[in-house]
Amino acid sequence: MRIVLVHPNYHSGGAEIAGNWPPAWVAYLAGYLKNAGYTDVTFIDAMTDHMSDDQVRDALRLLQPDLVGATAITPAIYAAESLLKLAKECCPKAVTVLGGIHGTFMYPQVLTEAPWIDAVVRGEGEQVLLDLVRCIDRGAWATERGTVKGIAYLEDGKVTATPAAKPIADLDLIQPDWGILDWKKYIYIPTGKRVAIPNMARGCPFTCSFCSQWKFWRDYRVRDPKKVVDEIETLVRDHEVGFFILADEEPTIHKKKFVQFCEEMIARGLPDKVQWGINTRVTDILRDEALLPFYRKAGLVHVSLGTEAAAQLKLDRFNKETTVAQNKRAIQLLRDAGIVTEAQFIVGLENETVETLEETYRMALDWNPDMANWAMYTPWPFSDLFQELGDKVEVFDFSKYNFVTPIMKPDAMDRATLLDRTMANYRRFYMRKAFLGYPWERDKRRRSYLVGCLKAFLKSGFQRTFYDLGKVGYWGPQSKKNVDFRFDESRTLAARNPVAIPHNAMWKTMHRPKVKLPAANAAAMACGGGKEQYEEDEAPRMKACGGGTQQLPESVQSPVRE
C-alpha cells in the first residue's frame with residue numbers, strides 16, 4: 001500500500017522568519033506506520049519547497065498513492081482542503097485524509113465545505129491513522145470505516161464521527177522516522193545549523209483559556225528522558241542537527257524528568273554538539289532558580305516565556321497564574337544564567353488601546369529580555385475564550401488566524417493602527433538591541449546567538465515577509481490608510497454547525513472543571529499550583545492551573561550531577 005503525506009503550502013511571516021521548520025508530524029506518523037509494516041511512505045513538503053499546485057499534482061500522479069494525508073493547523077486549513085481536492089482529482093481512487101487540531105474540533109465544517117475529504121483524523125494521529133490504513137489495506141474502507149475509532153467522515157451527506165480513540169499511553173512506542181525528511185532544507189537562521197523539533201511530552205495540565213493544546217492531546221504524558229536523548233543523539237549523528245526546540249507546551253512541568261533529560265544530555269557530551277530551546281512558564285523558572293546554570297550546561301540556550309500580557313487584568317483573563325513582578329524576576333534569573341530570554345506579549349484584544357500597547361513596550365524595556373515578541377491575539381474557534389468573546393469575533397477567515405493578523409478589532413482603534421503601533425514596538429525594541437545590546441554582549445555564545453536572531457529579523461524585514469507586511473501593504477506609519485488585510489468576508493460560521501462539541505463525539509479529557517485561581521499577588525508556585533511537584537503517577541490527575549492534589553517530595557527528586 002502506497003501512502004503519501006503532504007505538508008500544505010501555507011506561509012504567514014510568523015515563526016518561519018527564523019528558518020524552515022521540519023514537519024515533525026511526518027516523522028512520527030511515518031515511523032509508526034513503518035514499524036507496523038507499512039513501509040511505502042513518501043513525504044512531499046509543499047510548504048518548504050514553495051510548490052505550486054501543478055508541481056504537487058505532477059508528484060502525486062507519478063506516485064499514484066492509495067492514501068494521501070495532510071495536516072492543518074487553523075490558518076492552513078484552506079490550503080490543506082485545496083491540496084486534498086487536488087489529490088482527489090488527480091488520484092480519484094486514493095483515500096484523502098486530513099489530520100491536525102483544526103479538523104479535530106471543526107470536522108463538521110471541514111467536511112461540509114470540503115466533501116472530497118474522505119476522513120478526518122481526530123486527535124493524536126499515529127494509532128488512528130494506522131487503524132485507518134489497515135482498514136483500507138484489507139479492502140474494507142467502504143463498508144467498515146465506522147469501526148475505525150477517532151475519525152469523522154461523510155455518509156449519505158451527513159457528518160458521522162466514530163468514538164474517540166484512546167491516547168497512546170506509552171509514547172516511547174512511537175519511533176519516529178527522521179530519515180523521511182530532507183534535512184538540508186531545515187536550517188535555523190540564528191545558528192546556521194539544521195534544526196529539529198522532537199517532543200518529550202504531549203499535552204498540558206493547564207487550561208489557559210486562549211489555548212487548545214490541552215484539549216487536543218487530552219492526557220498529559222511524559223516520555224522516558226533517556227529515550228528522548230537517544231532520539232536527539234540520532235538526529236545529531238545521522239542528520240547533522242545542530243539545534244532543536246522541544247515541541248512540548250511546557251517541558252519543565254515534570255521537574256524530575258526534565259532534570260534527568262539534562263543529566264543525560266551532559267553525560268553523553270551532547271551540549272558540545274547541539275544547542276536547544278524551550279517554551280515554558282514563568283513559575284517554573286522561579287521554581288528552578290538554583291538549577292538554571294545546570295540547564296545551561298546541558299545546552300539550553302533559549303527560553304521563550306509565556307509572559308503574555310503587561311496588564312495584570314489580561315493575565316487573569318488568560319488564566320495565567322503569574323504576576324508582572326514575577327515575569328521580570330524570571331527574565332533576570334535566565335539572563336544571569338547565560339540563557340537567552342524571549343518575552344511573549346499577546347496584544348489585540350477588544351480592550352487594547354494605544355496606551356496599553358505602549359505599556360507593553362515600556363515593560364519590555366524594564367524587564368530587559370533579550371528578545372520580545374508581540375503576537376496578535378488569535379481566538380482559536382475551539383478555545384474557551386473564543387466562546388466567551390461571542391459576537392466580538394467578526395472575522396472567520398481562518399487563513400488569517402496566524403498570530404500576525406489582527407483578527408479582533410479593539411474598541412478604541414482600527415486594525416491598521418493596532419498593526420502600526422505593534423510595529424513601532426518592534427522597531428524601537430530591536431533598534432535598541434542592535435546598537436546598545438547585542439554587539440556589546442560579553443558572553444561570546446550569547447552574542448553569536450543574538451546577532452544570529454537579529455539577522456533573521458533583518459532578513460525577513462527586507463524581504464517583507466515579517467508579519468505579512470508585504471501582503472497587507474504596510475510600509476510604516478504613513479501607509480496606515482492603505483493597509484488591507486484582505487479578509488475573505490464570505491467565510492462565516494452561520495448555519496454551519498461548525499464546532500463539534502467534544503462530549504457529543506465521546507471526546508473526553510482528563511481535565512476537571514477549572515478551579516479558582518490563586519490571588520494575583522500569591523507567591524510563585526510550581527506546576528498545578530503547588531509549592532513542590534507532582535508525583536509521577538499523579539500527573540494524569542492534574543487539574544486546571546492553580547489546582548492539583550499530590551506533590552512530589554524532595555526526597556524523590558533526581559540529584560543533579562555537577
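The side chains of Lys185 and Asp49 meet in a salt bridge, with 2.8 Å from N to O; the term means a side-chain nitrogen of Lys or Arg within 4 Å of a carboxyl oxygen of Asp or Glu. This pair links distant parts of the chain, 136 residues apart. Lys185 sits in the loop between strand S7 (158–161) and strand S8 (187–188), and Asp49 in the loop between strand S2 (41–45) and helix H2 (53–63). Helices (H or I, at least four residues) and strands (E, at least two) are DSSP runs, numbered from the N terminus.

The model is predicted: local features need pLDDT of at least 70, side-chain atom pairs count only at pLDDT 80 or more, and totals for chains, interfaces and linings use all residues. Residues are numbered from 1 along each chain as its sequence is written, and side-chain values use heavy atoms, with hydrogens and water left out.

Lys185 has a relative accessible area of 24% and Asp49 one of 33%. Both therefore count as partly exposed, the class between buried (under 20%) and exposed (over 50%), found with a 1.4 Å probe on protein chains only.

By the salt-bridge rule the count comes to 34. Among them is the pair Glu358 and Arg362, at 3.0 Å from N to O. These two residues are separated by about one helical turn, because they lie 4 residues apart in helix H14 (residues 354–367). Elsewhere, Arg138 and Glu144 form a salt bridge of 3.1 Å, N to O.

Gln344 belongs to strand S15 (residues 340–347). Its relative accessible area is 18%, so Gln344 is buried. The side chain of Gln344 makes a polar contact of 2.7 Å with the side chain of Ser304, and another polar contact of 2.7 Å joins it to the side chain of Asn373. A polar contact is a pair of N or O atoms within 3.5 Å; within protein, one must be able to donate a hydrogen and the other to accept it, and residues adjacent in sequence count only if both atoms are side-chain atoms.

Ala267, in helix H9 (residues 255–267), is exposed, at 61% relative accessibility. Ala267 and Ala298 are 31 residues apart in sequence, and their C-alpha atoms are 9.1 Å apart in space.
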